[in-house]
Structures are given as C-alpha cells and as structure tokens.
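Visitor: Please take me through one part of this model in detail. I would like the cut-offs spelled out as you go.

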Amino acid sequence: MRRKIVAGNWKMNTTVAEGVALAKELVANMGEVPADVNMVVAPPFVHLTSVGEAIRDSKIALSAQNCADQPKGAFTGEVAAAMLAGIGCQYVILGHSERRQYYGETSATLVPKIKLALENGLQPIYCVGEMLSEREAGNHFNVVKAQIEEVLFGLTAEQMGHIVIAYEPVWAIGTGVTATNEQAQEIHAFIRKTIADKFGARIADDCTILYGGSCKPSNAKELFACPDIDGGLIGGASLKAADFIAIAQSY
Ligand code: PEP
C-alpha cells in the first residue's frame, strides 16, 4: 500500500551532538504527528549510529544520504549499502540533485547503487527532477522520464515495490521557491503513469512519490493534499524540530 512519508535530509549539517539533540527533540514531540505518517531522518554518515540510538524506540526511521556503487573493497572514502543496513538504516537517498550536480553522479552509477541498496534490504528514496533551464525549455517531462527509465526500468516489479521516488525540481531546492501545487501534481501524476506503463497499475498505485523543494510548514498542507503527492523530502526545514514536525502534522 502507498505510504505517507515525511523524510528529513540533513545534508552536511549539524555536529553529531547537535544531530542527536535534534533527533531527541523529534522523538519527544512526535506524538503530535498522525500515526499513519512515517517519519524518516537522513543525517550525515558519521551521525548514523548515534542518531539511530536516539530514535531507537520511536517510530522514526533512519536513512543514509548515499551509498557506494560497489559492494565492498578498495574504494577509499566510500560507504557500502551492507554497512548501512548493518547499523539499522532502513532507507537510503540516492540520486539527489546535489550529488548529480557536484559529484558527477549519473544513471550509470545509480543503477548499481539502487541494486545494492535493495539487495541489502534498504529502501531507496530515488530523487529525480529537472533544472530550471530544462523546465523553461519545456523539457521537464522528458528529463524526469529519462531519469526513471535509465535507473529503475531494469528492476523487477518486486524490486520496484520497494522504491520510494522523490520529485525534486532543482530550481526549488534550497531556493525558497516552491513548485505550485499544480506543477507538482502534474509531474507526480506523470511519474506514476510512467511507472504504471512499465510495471503495471498496482505497483504504480502503491508507489510512494514524495515532493521536495522548499517544502515548509506554510505550504506542506496544500502540497500533501494533491492526489499523487504522498509526502515530502525536506531539506532546510528538517533541521528545526518544530518545523519538521509541523510539516509531518500538516499531512
Ligand atoms: C532537498 O535537498 O532534498 C530539499 C528538498 O531541500 P530544501 O527543502 O531545503 O529545498
């Protein structure tokens, strides 16, 4: 069944102590969040064990922000999917636009990352989204379709059932500019149809598709009310417990 998810991408922010304090504040106040909303936090790698400990007896799930495209071995500086699963991660964000833009991540590296995540029982939160120039050229549907086809179409239907998709227009990330409800709903419906055409209606109906890009307490309610938006991937606003909880509550 399609799940409601509100996931916080902390990016490269907070010290471990600050991250643990933030996680504890979330745990202390999440009673206000509806029971059917799944909260996820994605702190930096070095925080995962400590933050995992802080959220252990709560309903908040742990996510990494990336994983290696190799299972193990001589890959200095990389972190394997198996290592993440071993410390209690349930999710991993893959294909975030910042990794595509600044670290040269491509579909070719994302295919093995997704497969390794799935093989190790992690649920990928696979990010797609167009640049401003691509939207202005009217090319956003093609860009998003290619990102889905190139990385997800090699999966089996069973594997696809474990994928969460996050639509994040690059022009809305960290800019304060949010996609309108109509823009977001239109492309979420397009993503669901793309999945349906390849994997069938049941897999597409059950697929959780998150919106990301300057989502905040003031606009979350309207975005989450759209029929094909199943929650959010939240950057900046996930660093303040009150804002992140308010976003989850607005569902
Ligand atoms: C993100 O980077 O995933 C994101 C959605 O960031 P922000 O909410 O800050 O726009």
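Guide: Gladly! Helices (H or I, at least four residues) and strands (E, at least two) are DSSP runs, numbered from the N terminus. Please keep in mind that this is a predicted model, where local features need pLDDT of at least 70 and side-chain atom pairs count only at pLDDT 80 or more, while totals for chains, interfaces and linings use all residues. Residues are numbered from 1 along each chain as its sequence is written, and side-chain values use heavy atoms, with hydrogens and water left out.

The part to look at is helix 12, which spans residues 241-249. Its buried residues are Ala241, Phe244, Ile245, Ile247 and Ala248; buried means under 20% relative accessible area, exposed over 50%, and partly exposed in between (1.4 Å probe, protein chains only). These five sit on the same side of helix 12, because the arc they cover around the axis is only 155°. That arc is taken from the directions from the helix axis to the C-beta atoms.

Now for the aromatic rings. In general, a pair of aromatic rings is described by the distance of the centres and the angle of the planes. Rings of Phe, Tyr and Trp (its six-membered ring) pair if their centres lie within 6.5 Å; planes under 30 degrees apart count as stacked, over 60 as edge-to-face and the rest as tilted. The count by this rule is 4 aromatic pairs. One of them is Phe141 with Phe190, edge-to-face at 4.9 Å centre to centre and 70° between the planes. This pair joins distant parts of the chain, as Phe141 belongs to helix 7 (residues 140-152) and Phe190 to helix 9 (residues 181-199), 49 residues apart.

Phe224 counts as buried at 5% relative accessibility, whereas Tyr251, at 21%, counts as partly exposed.
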